[in-house]
Amino acid sequence: MEKVRVGIVGLGRLGKIHAKNLSEAIQGCELVAACSVVPAELTYAVEELGVQETFTDYQKMVESPFIDAVFIVSPSGFHCEQIQVAMAHGKHVFSEKPIGLSIADIQQTVNVIAEHPSQVFMLGFMRRYDESYQYAKKLVEAGELGEITLVRCYGIDPSSGMESFVKFAGASDSGGLFVDMSIHDIDLIRWFTKKEVSKVWAIGKNAAYPELDKVGELETGAAMMQLEDNTMALLVAGRNCQHGYHVETELIGTKGMLRIAAAPEKNLVTVMNQEGVVRPCSQNFPERFREAFINEAREFIQCIQEKRQPEVNAFDGLQSTRIALACKKSCETNQLVDILK
Ligand code: NAI
């Protein structure tokens, strides 16, 4: 089978990880082109990853007849336009989350994707490709928990990443805490329950990092949600986790409950020293979701080769952003937001 030739846009915190995976860990593809506005990142792509062509202009990269697919890992505000341009040029598209920052732009993007059904489109909700989440999903599908009544999610970034986050948020619009971070939890809520969210009430607080006020970002946020069948969901999102990277999900059902990463443990090692009995923690997203990033990229390439669409699609991007934006609005207006109205 011919190798899928991929061009990547964005080689920052996450782009480098995807680029390395595509060039080293995924069979059936070749990373042939890279686009960034940072010259050092393009030098890295050529020297470290053997990329043949580099671009500072995305439009020129997608016009290249030598690429079949693009991987979009640019700042979130660029996703919609870059997806549409790539689709119009006949390329398969993987886009990082969120699919976009405004519902009007996303709706237009969803329509453009729908006009190109033979091109693969995949959105980067990598948690769905994590082994533990997949295991939990199988249990839920097998009815082990009965009917789900409540989902509780924590997604808290390490405080050690604060400096790099403030730089990221200062350089481009992240969409805010709910759109940038809770979107993963919102996707999981929809994925596990197969239900849509109808109402949200969200609140937030900045305490430890006043620099977040300057870039208009929240340090900790929380949201309570009601789904269309009265299932409940509780979210906590944050950027100030002192012990590492805390992603935890709990599902409560009529027959049982389960927790994924009840404590965000790094591995199976327990250290015994002057501090006591210590279970080291997962420290950041590249470490915690290393395999999931590889699995999702592999799925994207296999979808292209097998001419099928992945499970996670543009509609998931639209709905998750709609809910995340409702959380943002609720937090800013201190009102309960009825999404279905
Ligand atoms: P970053 O700021 O570290 O990197 C952005 C990259 O985009 C840089 O290489 C920059 O040169 C490039 N870029 C900026 N403007 C450009 C333009 N006009 N044309 C071409 N390239 C341009 O950002 P980071 O953290 O890597 O995030 C990128 C995306 O990935 C965001 O949408 C973010 O939401 C998403 N992300 C997803 C994660 C996940 O858990 N799935 C984790 C981290 C980020």
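How many bridges join strand E8 to strand E9, and do these strands run parallel or antiparallel? Colleagues, before I answer, please note that the structure above is a predicted model. Eight bridges join strand E8, residues 197-205, to strand E9, residues 220-227, and the two run antiparallel. Within this pair, Val-197 stands opposite Leu-227 in E9.

Let me now turn to the helices that pack on the sheet. Helix H6, residues 131-141, touches strand E7 (148-158), strand E11 (246-253) and E12. The direction of H6 makes about 170° with that of E12. Helix H8, residues 177-193, also packs on the sheet, where it touches E7, E8, E9, strand E10 (232-241), E11 and E12. For H8, the angle with the direction of E10 is about 145°.

As to the sheet itself, seven strands form it in the order E12-E11-E7-E10-E9-E8-E15. The sheet is open, and its pairing is mixed. Strand E12 (257-260) and strand E15 (337-338) stand at the edges; each has a single partner strand, so one side of each is left without a neighbour in the sheet.

Is Val-6 buried or exposed? Its relative accessible area is 0%, and because buried means under 20%, Val-6 counts as buried. Leaving aside residues up to four places away in sequence, Val-6 touches Leu-22, Cys-29, Glu-30, Leu-31, Val-32, Ala-33, Ile-67, Ala-69, Phe-71 and Ile-301.

How values were computed
Residues are numbered from 1 along each chain as its sequence is written. This is a predicted model: local features need pLDDT of at least 70, side-chain atom pairs count only at pLDDT 80 or more; totals for chains, interfaces and linings use all residues. Side-chain values use heavy atoms; hydrogens and water are left out. Buried means under 20% relative accessible area, exposed over 50%, partly exposed in between (1.4 Å probe, protein chains only). Contact means heavy atoms within 4.5 Å. Two strands pair if DSSP finds at least two bridges between them. Helices (H or I, at least four residues) and strands (E, at least two) are DSSP runs, numbered from the N terminus. Axes are lines fitted to C-alpha atoms, for helices over the stretch in contact, and angles run from 0 to 180 degrees between N-to-C directions.
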